[in-house]
Amino acid sequence: MLIKLSRASDCKESEVTPEPIYLSRRSLMGVTASALAVSALPSWASAADPSRYEGVEAGSAPAWLNDKLGQTRWGAVTVQGEPITPFKDATHYNNFYEFGTGKGDPAANAGSLKTEPWSVVIDGEVGKPGRYALEDFMKPYQLEERIYRLRCVEAWSMVIPWIGFPISALLKQVEPTSKAKFIRFETLQDPKSMPGQRSGFALINWPYVEGLRLDEAMNPLAILGVGMYGRELPNQNGAPLRLVVPWKYGFKSVKSIVRISLVSEQPATTWENIAPSEYGFYANVNPEVDHPRWTQARERRLPSGLFSPNVRETAMFNGYGEEVASLYTGMDLRKNY
Ligand code: MTE
């Protein structure tokens, strides 16, 4: 992520959302991103269904997860007039340094990640700490499909149909104490299955760690993802559990989470530790605050290629200002980048 900006990818622009699906989505567009309540649904939207998207590779989720995914509801958040990124691009152009630094490395190498069984530790400033099998951890939550923009700090972006549940629902469950001010997320550390963690050249002090202020985590847009494109998360996208915070640069969306801690102090996070002058704790998408080495005013929407670079203007808070700007009232976003 530190390195270079835009080597044009050679992805085709043809694999977009099938028209009938796109049109039926458009009929939902009266439901704006700020209206997060689940509303009346067309039947196709009542459950996760990979056949709604083109070119989705079949997954191999355990039965309990498939059952859970089958009960997914439409989360009433979409992206108006912007086609969904083809599955192939979203799953073959990745950042997951545990599996290598090349964009194709995660897809090539993440097969070694064993996601079943998986457990998640909840600890720190909570009334109900514990270690939970993922299956038990997820039991209380209704899954929702949410279509969000993903904007990487490297200035490329995608539109992805995620499946997940609001972090606010988790927080309600685990009962943060009055001392809890931040939430810290930690990725699996397992050099045996994660070649990037064995590399002597790695910049990262593993495990990968990210965090949010508690009120950011409570925002209805912040979700923990367990699926995308109607199926479970592919390993390279952070199976079996990842953060999705669409108004922030992609590096906040930590993958393959094994520990969630409620803490009183702002946690030290991976990219801020490596290069604090380039990557801040907040990492809100902001076209007016450039990265020291490149502009953030524009982005390449994937698929993008030499002859159709698909460049667009970057929107403040990645287009989610209506929902999140009030979290930062009175803050200098140039200092708190
Ligand atoms: N999580 C872990 N554990 N390791 C990583 O290297 N990369 C981050 C984020 N989460 C990363 C991570 C970055 S820089 C981005 S842009 C997004 O994952 C990319 O998510 P995607 O590959 O699903 O598009």
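Q: Is strand 5 mostly covered or exposed?
A: Strand 5 is mostly covered, since eleven of its eleven residues are buried (under 20% relative accessible area, with exposed meaning over 50% and partly exposed in between, for a 1.4 Å probe and protein chains only). Strands here are DSSP runs of E with at least two residues, numbered from the N terminus.

Q: And what sort of model is this?
A: This is a predicted model, in which local features need pLDDT of at least 70 and side-chain atom pairs count only at pLDDT 80 or more, while totals for chains, interfaces and linings use all residues. Residues are numbered from 1 along each chain as its sequence is written, and side-chain values use heavy atoms, with hydrogens and water left out.

Q: OK, how many bridges join strand 4 to strand 5?
A: Strand 4, residues 144-151, is joined to strand 5 by eight bridges, and the two run antiparallel; strands count as paired if DSSP finds at least two bridges between them. Along this pairing, Arg149 stands opposite Val159 of strand 5.

Q: What's in the turn of that hairpin?
A: Four residues lie between strand 4 and strand 5, and Ala155 in the turn has a positive phi of about 80 degrees.

Q: Which way does strand 12 run against strand 5, parallel or antiparallel?
A: Strand 12, residues 298-301, pairs with strand 5 in the parallel sense over two bridges, and Ser157 has Arg301 in strand 12 as its bridge partner.

Q: What about strand 8?
A: Strand 8, residues 223-228, runs antiparallel to strand 5, with five bridges between them, and Leu224 in strand 8 is the bridge partner of Phe165.

Q: Switching topic: how many residues are in the largest nonpolar core?
A: The largest nonpolar core has 94 residues, and those with the most contacts inside it are Phe137, Ile167, Phe185, Leu224, Trp247 and Ile260. Strand 5 gives the most to this core, with seven residues. Such a core is a set of buried Ala, Val, Leu, Ile, Met, Phe, Trp, Tyr and Cys residues joined through side-chain atoms within 4.5 Å.

Q: What does Phe137 touch?
A: Leaving aside neighbours within four places in sequence, Phe137 is in contact (heavy atoms within 4.5 Å) with Val120, Ile122, Tyr132, Phe165, Leu170, Leu241 and Ile260.

Q: So where does Val120 find its bridge partner?
A: Val120 has Tyr132 in strand 3 as its bridge partner. Strand 2, residues 119-124, and strand 3, residues 130-133, pair in the antiparallel sense over four bridges, and together they form a hairpin with five residues between them.
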